[in-house]
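Look through the sequence and the model first, then read the points below.

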Amino acid sequence: MKSMVAAKSNAPGLLMESGWQARRARRKFFTRAFVHLILIAGSIIFMFPLIWLISTSLKPDTQIFKVPPELIPKPFMWSNYTRMWTYFPFLTFLKNTLLVVVLSMAGVLISAPLVAYAFARLRWPGRDFLFMILLGTMMLPGQVTMIPLYILFNEWGWVNTFYPLWVPAWFGGGAFNIFLIRQFLMTIPRELEESAVIDGASHFKIYWKIMLPLINPVLTTIAIFQFMGAWNDFMGPLIYLNDQAKYTLSLGLRVFQQQTSAYQSEYGMLMAATTIMVIPVIIFFFLGQKRFIEGVIITGMKA
Amino acid sequence: MARLKSNRMARKEAITGYIFASPWLIGFVLFTAYPIISSILYSLMDYNILETPRWIGIKNYADLINDRSFWLSLGNTCYYVIFSVPLNMIIGLSIALLLSMDIKGIAVYRTLYYMPSIVPLVASSVLWSWMFNPNFGLLTHAVRFFGLKAPAWLSDPNWAKPSLIIMSLWGAGGGMIIYLAGLKNIPRTYYEAAELDGAGLWKKFIHITLPMLSPTLFFQLIMGLIGSFQVFTQAFMMTGGGPNESTLFYVLYLYRNAFQFWKMGYASALAWVLFAIIMVLTWLNFVVSKYWVFYDQT
């Protein structure tokens, strides 16, 4: 009787054998090759805009408008990348963006775990009810609070400052982050703290010395999410920043885009500026890829 | 004695709890609760920041119903959502299915497909504006390569929304990651049992993959609806709402009312209508879900 286990054949052997096992193995090989073909074609399609971005950023304006289009820049206009810093105050935009990003990341990383620990491990009246409210706020579209917040910050004199962009991050850093950390904390066995409690350690000590080191993976994920959120933020800077000197990269790029279309020139430099805005995000993604994808999956699956 | 001690400890724990949670408690009151309440109040007023607010009751909401631009922006947004969300899901799921066929190099493919979805929207908008250039854009060249006449993309009222929808598909890799994780959770034994019964690829997909994946699909559908309903940056950066207001999306119209026309009261009303629409959509989805979402009982 022929064994029911599929034979492990090599590709060259496939073409020589006959019988249903060989046929099936052959079909599997071609199916896999076909799948790879589609995936490769798809990857090229998905990556091509980014390749085009970099290609355009290194082309002279004359070559950008060439028909038919060429992929390789002739010559390589590295000057697009050097001139752009003086053409537009990009260093200022970058500095402003970094300011907001760093301050908001710090705020989240300091306050979110603290609050999450209170929800996960401490018992206090109203805790569960308030947690439901926390979850509820995650469903609120930002536009509902956007206007009254603007009016409030206006009364505080915070319009045209950076405060509205990073101060709220210090108050828990967003329901989403608190939720993520809290869920993670709930999976940590209580025995770890119990010995510290018996030794009379204060809650803060337990939090600082035991819990925080344990939640490093989640904190990394949150740090990456926060970086990307702050770096990419457009609506916030758009409504709060009025002086061009205070613009972040997203607003600065917008102004540059408007100018390029108005004068129909320096498209190469515009693409170079765009590339500069994209690269840090991609770098951060590669650095924290494992954690980042874990974070995306956890929030996508367990919500 | 023991009872007194534990009461004291419990009280200390409660106080510590409040202290630890205080950043969020304070922030919630200041930046969430207070704005929600004042937003409701503002929506019942006529307020332009410079003058004191004037109470006008539900006039904003009544005006909304007669506002042509309101209905236009709502229609534009619905058009965008109806096409963008399902297409995004189908593409993301298809790629995930291909990747889940246990092939080599999955990590590389995964990265390549996922990367576009983390590109800042502002940067994408600049890039895609250029790609949609009617004379020199990459997409124009691609269409002409196949011998077809290229549309004016973002300058053509009939093509502006489809162009933005095409652009949104570039981010399909975001969903792909989630579907991949969901597919991994489906026990192989189900598929093996089906194969023993002679089930082919399609049958396995319909009777095993889809039902087991349905909670994930459901969640992605809701998140997709909520997210794409708030489409703003692309329209703001690439078309300014045009041409002929064909890409005047709801949040863009809201933004204009608040920060260009300074009609804070009216804009607040628009924000609440948006909230209501999203709530209704979500609720409807939950209602319909019992007909197609299957929660594994194992």
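In which loop of chain A is A:Pro75 found? A:Pro75 is in the loop between helix H3 (61–64) and H4 of chain A; helices (H or I, at least four residues) and strands (E, at least two) are DSSP runs, numbered from the N terminus. This is a predicted model, in which local features need pLDDT of at least 70 and side-chain atom pairs count only at pLDDT 80 or more, while totals for chains, interfaces and linings use all residues. Residues are numbered from 1 along each chain as its sequence is written, and chains are lettered from A and ligands numbered from 1 in the order in which they are written.

**Domains**

- Chain A is divided into domain 1 (11–57) and domain 2 (80–302), with bounds that come from an automatic or database domain assignment.
- The centres of domain 1 and domain 2 of chain A, taken over C-alpha atoms, are separated by 40 Å.
- Four residues of domain 1 of chain A are in contact with seven residues of domain 2 of chain A; two residues are in contact if their C-beta atoms, placed from the backbone, lie within 7 Å.
- On the domain 1 side of this contact in chain A there are two nonpolar, two polar and no charged residues. Here Ala, Val, Leu, Ile, Met, Phe, Trp, Tyr, Cys and Pro count as nonpolar, Asp, Glu, Lys and Arg as charged, and the others, Gly among them, as polar.
- For chain B, the domain assignment gives domain 1 (2–43) and domain 2 (66–289).
- The C-alpha centres of domain 1 and domain 2 of chain B are 38 Å apart.

**Contact between the chains**

- In the interface, 69 residues of chain A are in contact with 65 residues of chain B.
- Helix H2 (residues 20–57) of chain A supplies the largest share of the chain A side, 13 residues.
- The chain A side that touches chain B consists of 49 nonpolar, 16 polar and four charged residues.

**A helix pair across the chains**

- The axes of helix H7 (residues 142–155) of chain A and helix H13 (residues 264–289) of chain B come within 8 Å and cross at roughly 155°. Axes are lines fitted to C-alpha atoms, for helices over the stretch in contact, and angles run from 0 to 180 degrees between N-to-C directions.
- H7(A) is therefore roughly antiparallel to H13(B); angles under 35 degrees count as roughly parallel, over 145 as roughly antiparallel, 65 to 115 as roughly perpendicular and the rest as oblique.
- H7(A) makes this contact through A:Gln143, A:Val144, A:Ile147 and A:Ile151. On H13(B), the residues include B:Met264, B:Ala267, B:Trp272 and B:Phe275.
- By class, the contact of H7(A) with H13(B) has nine nonpolar, two polar and no charged residues.

**The largest nonpolar core**

- The largest nonpolar core has 142 residues, and among those that touch the most other members are A:Val115, A:Ile147, A:Ile178 and B:Leu254. A nonpolar core is a set of buried Ala, Val, Leu, Ile, Met, Phe, Trp, Tyr and Cys residues joined through C-beta atoms within 7 Å.
- A residue is buried if 20 or more other C-beta atoms lie within 10 Å of its own, exposed if 12 or fewer, and partly exposed in between, with C-beta atoms placed from the backbone.
- Helix H5 (residues 90–120) of chain A gives the most to this core, 14 residues.
- Not counting residues up to four places away in sequence, A:Ile178 touches residues including A:Ala112, A:Val115, A:Phe119 and B:Trp24.

**Cis peptide bonds**

- A:Lys74 and A:Pro75 are joined by a cis peptide bond, with omega about -5°.
- The peptide bond from B:Gly242 to B:Pro243 is also cis, with omega near -10°.
- B:Pro243 sits in the loop between helix H11 (233–239) and helix H12 (250–259) of chain B.
- B:Pro243 is partly exposed because 16 other C-beta atoms lie within 10 Å.
- Leaving aside neighbours within four places in sequence, B:Pro243 is in contact with B:Ser155, B:Pro157 and B:Ala160.
- B:Pro243 and B:Pro157 are 86 residues apart in sequence, and their C-alpha atoms are 5.3 Å apart in space.

**Positive phi angles**

- A:Glu266 is not a glycine, and its phi is positive, near 65°.
- A:Glu266 counts as buried because it has 20 C-beta neighbours inside 10 Å.
- B:Ile49, also not a glycine, has a positive phi of about 75°.
- B:Ile49 lies in the loop between strand E1 (45–46) and strand E2 (54–55) of chain B.
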